[in-house]
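Student: I've got this structure open and would like to go through it piece by piece. Can we start with what the words mean?

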Amino acid sequence: MKTPLSDLPPLKGPLRAEALLAWLRTGEPEALEHLWARADELRRQGVGDEVHLRGLVEISNRCARQCAYCGLRAANRSVSRYAMSDEEILECAHQIREYGWGTAVLQSGEDPAFTSSRVEALVRRIKAETGLAITLSLGERTEEELRAWKRAGADRYLLRFETSDRALFQRIHPPLPGRECDRLGLLKLLRDIGYEVGSGVMVGIPGQGFESLARDLELFAELELDMIGLGPFIPHPDTPLGTSTPPPSADQVPATVDMAFRVLALARVQRPEANLPATTALATLDREQGRILGLQRGANVVMPNVTPLHHRARYSIYPNKASSNETAEQTRLQIDTQLASIGRSVAAGPGHSPAFRRRIREQEGAPS
Ligand code: SAM
């Protein structure tokens, strides 16, 4: 559909689903140029020109879940499993500190070996030894665990709701036997506990229609997310979704880097003061330009991978992941060069989002 720029709704957020739908569907190059420029402008106004680097540590690829999209799913026997020791994780945190970055992101499958008390002790040690901000992305955990980790010093939690289409979500993300799965409820809980909260979606999941994607974008604003992570769905051959081809449909969202950029730019319109990463999935589908274009179309965060190389390739949520063969040092130099080429610089400090800082100020009753 070629809706001309003059017929599209103005990019003043938060937009409602109908307006978002028009922007998701337009094929007009002039309209897209306008969207990129507006997202870049809103990014500058909302979060500034500096880019926050978060050191990503993929602490375990063991997972109890059976997500139909993810290469780490329990039923995938062709992946060799690993879990990092506490000492290895601490070493990574020290490396992040040495690089001058402000945050360690600990991510994993749902691995029962990372018990509540173990993660709590780990968070306390990282805080005490490095002073880094800590982001956890360990899946759906109990309220007691989430509270204990916050008390121990964790700052942020990332949990994508993946898609707002409930029927599709239930198909691709089965609950653990006897348990319920309510990611939107967990996001609200995380916020009440005091975390800086991140969520997001995959773009182009087989069966994902444009209307539900517009609803995803509406939800980013309704949930008042502090961080939004999104990327294209990338089929993994050892998963049910990686082998089934969706029936051809005009409503199927394409799993392309271009559609993911569009969703990223609209996410910036929805949440000008949130932190938005240029994700690895973007860099995976466009090795040369994915990260840079992401930073020019709304993103202000990069999450360089510092997982030790001997584990890295095994965190194969999807194939051919960017940066899976390069050392943290190589990635660091590459990012520094890329940022310099677009006139952006690396931020110092923990890099909480202005959205979160505003919320805390308002809760404390101080004038904003
Ligand atoms: N287990 C935690 C969770 O589910 O939140 C964190 C790890 S999980 C692997 C991190 C994210 O990877 C998911 O939220 C999902 O969006 C993304 N992901 C998984 N499989 C993917 C695929 N095939 N293509 C693109 N992204 C994928």
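This is a predicted model: local features need pLDDT of at least 70, side-chain atom pairs count only at pLDDT 80 or more; totals for chains, interfaces and linings use all residues.

Student: Then is proline 304 buried or exposed?
Tutor: First find proline 304 in the loop between β7 (301-302) and α13 (309-312). Its relative accessible area is 2%. The cut-off for buried is under 20%, so proline 304 is buried.

Student: On to the ligand. How far is the polar side-chain atom of glutamate 162 from an oxygen atom of the ligand?
Tutor: Glutamate 162 is one of the residues that come nearest to the ligand, along with Tyr69, Ser108, Arg160 and Ile234. You'll find glutamate 162 in the loop between β4 (156-158) and α6 (166-172). The distance from its polar side-chain atom to the ligand oxygen is 2.6 Å.

Student: Which residue has a polar backbone atom 2.7 Å from a nitrogen atom of the ligand?
Tutor: Look at the backbone here. Serine 108 has a polar backbone atom 3.0 Å from a ligand nitrogen. The 2.7 Å distance to a ligand nitrogen belongs to isoleucine 234.

Student: How much of the ligand's area does the protein bury?
Tutor: The shell around the ligand divides into 10 nonpolar, 5 polar and 3 charged residues. Taken alone, the ligand exposes 560 Å². Of that area, the protein buries 94%.

Student: Back to glutamate 162: which side chain joins its side chain in a polar contact of 3.4 Å?
Tutor: Glutamate 162 is buried, at a relative accessible area of 8%. Not counting residues up to four places away in sequence, it touches Tyr69, Phe169, Arg183 and Gln208, among others. The 3.4 Å polar contact is with the side chain of arginine 183.

Student: And glutamine 208, where the side chain has a polar atom 3.0 Å from a backbone oxygen: which residue owns that oxygen?
Tutor: Glutamine 208 sits in the loop between β5 (196-203) and α8 and is buried, with a relative accessible area of 0%. Its contacts beyond four places in sequence include Glu162, Met202, Asp216 and Asp251. The backbone oxygen in question belongs to methionine 202.

Student: What should helix α2 span, going by its residues?
Tutor: Helix α2 runs over residues 29-47, which makes 19 residues at 1.5 Å each. The expected span is 1.5 Å times one less than the number of residues.

Student: Which helices do the buried residues of α1 pack against?
Tutor: The buried residues in α1 are Ala19, Leu20, Leu21, Ala22, Trp23 and Leu24. From the side of α2, buried residues such as Leu32, Leu35 and Trp36 belong to a set whose cover includes α1 (17-25), α10 (257-270), α12 (290-296) and α15 (354-363). The partners of the buried α1 residues are α2, α8 (210-222) and α10.

Notes: Residues are numbered from 1 along each chain as its sequence is written. Side-chain values use heavy atoms; hydrogens and water are left out. Helices (H or I, at least four residues) and strands (E, at least two) are DSSP runs, numbered from the N terminus. Buried means under 20% relative accessible area, exposed over 50%, partly exposed in between (1.4 Å probe, protein chains only). A polar contact is a pair of N or O atoms within 3.5 Å; within protein, one must be able to donate a hydrogen and the other to accept it, and residues adjacent in sequence count only if both atoms are side-chain atoms. Contact means heavy atoms within 4.5 Å. A residue is near a molecule or strand if one of its heavy atoms lies within 4 Å of it. Accessible areas come from the Shrake-Rupley method with a 1.4 Å probe; for residues, only the protein chains shown count as cover. Ala, Val, Leu, Ile, Met, Phe, Trp, Tyr, Cys and Pro count as nonpolar, Asp, Glu, Lys and Arg as charged, and the others, Gly among them, as polar.
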